[in-house]
Amino acid sequence: MATLPITGAGLAGRVMMPSFDGLRQSPSVLRVSPMVTVCNAGLNRRSFRGLVVKAATTVAPKFTSVKPLDDRVLVKIKSFDEKTPGGVLLPTTAQTKPQGGEVVAVGDGRTVGNKKVEISVQTGAQVVYSKFAGTELEFNGADHLLLKEDDIVGTLDTDDVKDLKPLGDRVLIKAVEAEDKTPAGVLLTGATKEKPPIGTIVAVGPGPLDDEGKRKPLSVTPGNTVLYSKFAGTEFKSADGSDYIALRSSDVIAVLS
């Protein structure tokens, strides 16, 4: 018998690779069996046989489908690597899940004003989503994520992030390179280089919805050199080593010329 103390109310980048394989978040899974004792301050100890405590919700085999509602989307998470590109087997603690996958089901959309707005992504689309978005599901032996359409950063039909097509009010920016030297001429190492929040917009989304369900064009366009909020968005590295960042247009704070 093991004792699992639980406190609190309940249980519960830098991205360096060009494709979904580089878009990752750490898994959080704790399996306890065959018997676990759960205790909390002021509560009596209770035993639960075969308890599995994990971030994902396991859908019982008797359920054969998951139908998202409203503006939600079901994404099958891309399989994570068990080996490095060089063939080195990774321990379980080093294996992480990507932030991308395939859309397998979509809701009926949402109503904005008097207009019904359909989901902008279709079944089969390859998407990239926000790091902490949605609810994980273990369904039909595979990991899925049920999330809102607004949590999808964009679609990616190739293996290179430079081809990302932003959705909604998001933009894709190619960041400027960090300086190699200080103004005084001191050579900077990789750890001490500070990259300014400046870059060139390479792609923009169709814009946010207004109160009537119509798209409002963004105030920035591809080719603009912009200043953006320092800690905003999600960072990626393309196949040629260039740095990109996807963020909301509201995080763009100035156009430079």
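The model is a predicted one, in which local features need pLDDT of at least 70, side-chain atom pairs count only at pLDDT 80 or more, and totals for chains, interfaces and linings use all residues. Residues are numbered from 1 along each chain as its sequence is written, and side-chain values use heavy atoms, with hydrogens and water left out. The protein has 23 strands and zero helices. Here helices (H or I, at least four residues) and strands (E, at least two) are DSSP runs, numbered from the N terminus.

**The protein as a whole**

- Of the 257 residues, 36% count as buried; buried means under 20% relative accessible area, exposed means over 50%, and partly exposed lies in between (1.4 Å probe, protein chains only).

**A six-stranded sheet**

- Six strands make an open sheet with antiparallel pairing, in the order β21-β22-β18-β19-β20-β23; two strands pair if DSSP finds at least two bridges between them.
- At the edges sit β21 (234–237) and β23 (252–256), each of which pairs on one side only.
- On average, neighbouring strands of this sheet are turned by 40° against each other, direction ignored. Axes for such angles are lines fitted to C-alpha atoms (for helices over the stretch in contact), and angles run from 0 to 180 degrees between N-to-C directions.

**Strand β22 and its partners**

- Five of the six residues of β22 are buried, so this strand is largely enclosed by the rest of the structure.
- On one side, β22 (residues 243–248) runs antiparallel to β18 (residues 170–175), and five bridges join the two.
- Two of the residue pairs from these strands are Lys174 with Tyr244 and Arg170 with Arg248.
- β22 is also joined to β21 by four bridges, again in an antiparallel arrangement, and Lys237 stands opposite Asp243.
- β21 and β22 form a hairpin with five residues between them, and Gly241 in the turn has a positive phi of about 90°.

**Nonpolar cores**

- The largest nonpolar core has 15 residues, and those touching the most other members are Val73, Val75, Val103, Val121, Val127, Leu147 and Ile152. A nonpolar core is a set of buried Ala, Val, Leu, Ile, Met, Phe, Trp, Tyr and Cys residues joined through side-chain atoms within 4.5 Å.
- Two or more residues of this core come from each of β8 (72–77), β10 (100–106), β13 (126–129) and β15 (142–148).
- β8 gives the largest share, three residues.
- Another core, of twelve residues, lies apart from it and includes Ile173, Leu218, Val226 and Ala232.

**His144, in a strand**

- His144 is found in strand β15 and counts as buried because its relative accessibility is 6%.
- Leaving aside neighbours within four places in sequence, His144 is in contact (heavy atoms within 4.5 Å) with residues including Leu74, Val75, Val104, Thr135 and Phe139.
- The side chain of His144 reaches the backbone oxygen of Ala142 at 3.1 Å.

**Asp163, in a loop**

- Asp163 lies in the loop between β16 (152–155) and β17 (165–166), and at 29% relative accessibility it counts as partly exposed.
- The side chain of Asp163 makes polar contacts with the side chains of Thr158 (2.7 Å) and Lys162 (3.4 Å). A polar contact is a pair of N or O atoms within 3.5 Å; within protein, one must be able to donate a hydrogen and the other to accept it, and residues adjacent in sequence count only if both atoms are side-chain atoms.
- Not counting residues up to four places away in sequence, Asp163 touches Thr155, Leu156 and Thr158.
- Val202 is 39 residues from Asp163 in sequence, with 9.1 Å between their C-alpha atoms.

**Gly124, in another loop**

- The loop between β12 (115–117) and β13 holds Gly124, which is partly exposed at 36% relative accessibility.
- Gly124 and Glu102 are 22 residues apart along the chain, and their C-alpha atoms are separated by 5.8 Å.
- Gly124 touches Glu102 and Val103, not counting residues up to four places away in sequence.
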